[in-house]
Amino acid sequence: MPVHKLPLREAVWLVFSKDLLCEFRNRYAISALIMFALVTLSSISMTIGAVMLSDELTAVLLWIIIFFCAMAGLSRAFVQEQEAGTLFTLQIYLQSQAVIFGKMLFNIVLLMGLTVFIILLFILFLNVDFSLWKIFFVILVCGDIGIGAVATLTAAMVARAQGQHCLFTVLTFPILLPQFLGAIHATATVLGGNMPSVSQFIFMAGYDAVIISGSYILFEYLWYD
Amino acid sequence: MNNNVVVQLINVGKKYGEKQLFQGINQVIKPGQCLAITGPNGSGKSTLLKMIAGVSKPSTGLICIGCGDRFFQHEESVGYMGMVSPEIVFYHAMTGIENLVFLSRCRGVACSLQYASELCATVGLNEYSNKQLSMYSTGMKQRLKFAIMLAIQPSLWLLDEPSSNLDGKGKEIMGVIIDTALKQMATVIVATNECWEMEYASAQITLA
């Protein structure tokens with residue numbers, strides 16, 4: 001009988017489903033992220049009262065909260081596996097690409113869910129009007145994919161290092177900066193009631209494509225000794 | 001299962017910094033044969049197994065895993081092997097059956113819940129198969145590793161101290177499983193210092 005090789009798509013889905021099941025039962029990451037978003041926004045809301053923030057400040061605030069939520073929770077994708085000792089099991093049983101893309105998918109979905117929650121909090125606490133919501137949605141998706149992809153790759157890089165959490169943020173921020181600034185500018189433009197330029201969208205989507213392609217090429221070197 | 005897997009170790013050596021763990025290992029292990037790797041603690045038994053598994057690279061030499069005249073690329077060879085090792089750790093948030101089904105599916109084996117349950121019963125875990133791994137003792141986790149080997153039926157069995165933490169009945173079950181694998185012409189490599197485990201071996205490497 002020939003050896004069955006699981007197609008990459010199915011293997012990615014298996015890793016994603018496994019992470020989702022473990023997160024559903026533990027709720028480590030999601031609880032921490034929701035509390036972080038809730039505490040930050042309610043503090044700001046109570047501090048500034050009825051003062052309206054400018055579009056630029058609102059955009060910066062939104063992406064800073066998303067970024068720090070990502071830093072607080074997304075490193076767990078690999079760090080938790082390393083701490084539990086299950087990383088070796090994945091090395092033995094799965095192809096490397098399935099692991100990185102399964103975890104990337106999980107992180108992006110988690111971040112998108114969290115972003116929806118943060119947006120609801122923005123509407124509730126800061127009375128922000130997202131009138132161009134379709135364009136805004138595209139910006140959020142591009143930004144979240146970028147943050148989720150970079151966070152997953154750097155989490156894989158630091159998983160075996162000491163001082164992982166500090167190293168994770170230090171490594172992720174410079175890599176993420178171009179996408180971060182692009183997302184802030186595009187969000188500020190949308191909040192001002194204007195359409196961002198096509199080049200801004202091309203840049204954000206291109207950045208995501210480069211990071212995902214880079215992960216595909218680089219991860220095997222990180223995965224094996 | 002394609003039970004024609006040959007493992008060739010050609011002048012294999014491993015060095016950590018200045019320390020030479022082992023060197024010049026040459027061995028061919030054919031289907032239906034069992035190789036025992038023995039040696040004191042820290043001599044590199046587990047390291048050699050990990051190198052054969054492809055998760056660690058030799059400092060010198062070459063490890064070839066193949067079938068007939070063809071040698072596999074690393075990602076392909078992973079699909080032929082199964083490993084029982086103290087370093088294989090399961091997901092504590094999942095049940096025994098869920099771990100078994102997940103890892104079997106990772107290997108492309110469509111393991112149903114019914115079949116997974118039967119395999120758990122075979123290794124003596126029937127009462128605990130639906131309990132989360134956090135409820136398992138170390139011996140029960142070791143039994144689960146063998147249930148996974150039964151599910152994926154690998155052509156190359158890599159066993160690192162396979163009887164560790166097993167009670168008498170567990171060792172008996174493990175013996176039957178290894179014996180059956182050898183009869184089905186699987187290639188078995190076992191790192192051990194237990195005399196009774198070495199009895200399966202037709203060849204031996206002793207690391208200093």
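Author: A definition comes before the tour. Helices (H or I, at least four residues) and strands (E, at least two) are DSSP runs, numbered from the N terminus. This is a predicted model, where local features need pLDDT of at least 70, side-chain atom pairs count only at pLDDT 80 or more, and totals for chains, interfaces and linings use all residues. Residues are numbered from 1 along each chain as its sequence is written, chains are lettered from A and ligands numbered from 1 in the order in which they are written, and side-chain values use heavy atoms, with hydrogens and water left out.

Reader: In which helix is the place of Leu8(A)?

Author: Leu8(A) counts as partly exposed because its relative accessibility is 33%; buried means under 20% relative accessible area, exposed over 50%, partly exposed in between (1.4 Å probe, protein chains only). Its helix spans residues 8-26 of chain A. That is helix H1 of chain A.

Reader: Which helix gives the largest share of the nonpolar patch?

Author: The patch covers about 560 Å² and is made by Leu8(A), Tyr216(A), Ile217(A), Leu218(A) and Tyr221(A). Patches are made of residues with over 30% relative accessible area and no salt bridge; like charges are joined within 9 Å, nonpolar side chains (Val, Leu, Ile, Met, Phe, Trp, Tyr) within 5 Å. Areas come from the Shrake-Rupley method with a 1.4 Å probe, and for residues only the protein chains shown count as cover. Four residues of the patch, the largest share, come from residues 198-223 of chain A, helix H9.

Reader: How many salt bridges does a search of the whole structure find?

Author: Side chains of opposite charge can pair when their charged atoms come close. A salt bridge is a side-chain nitrogen of Lys or Arg within 4 Å of a carboxyl oxygen of Asp or Glu. Over all chains, the number found is 10.

Reader: How many residues apart are Glu81(A) and Lys18(A)?

Author: These two form a salt bridge, with the closest N and O atoms 2.6 Å apart. Glu81(A) is in helix H4 (residues 76-84) of chain A and Lys18(A) is in helix H1 of chain A, so the pair links distant parts of the chain. Both Glu81(A) and Lys18(A) are buried.

Reader: Is Arg143(B) buried or exposed?

Author: Arg143(B) meets Asp167(B) in a salt bridge, 2.8 Å from N to O. Asp167(B) is partly exposed because its relative accessibility is 44%. Arg143(B) has a relative accessible area of 12%, so Arg143(B) is buried.

Reader: Which residues is Glu98(B) in contact with, leaving aside its neighbours within four places in sequence?

Author: Glu98(B) is in helix H3 (residues 96-106) of chain B. Its relative accessible area is 24%, so Glu98(B) is partly exposed. Contact means heavy atoms within 4.5 Å. Leaving aside those neighbours, Glu98(B) is in contact with Leu21(A) and Arg25(A).

Reader: What is the order of the open sheet of four strands in chain B?

Author: Two strands pair if DSSP finds at least two bridges between them. The pairing in this sheet is antiparallel. Seven bridges join strand E1 (residues 5-16) to strand E4 (residues 60-67) of chain B. The order is E2-E1-E4-E5.
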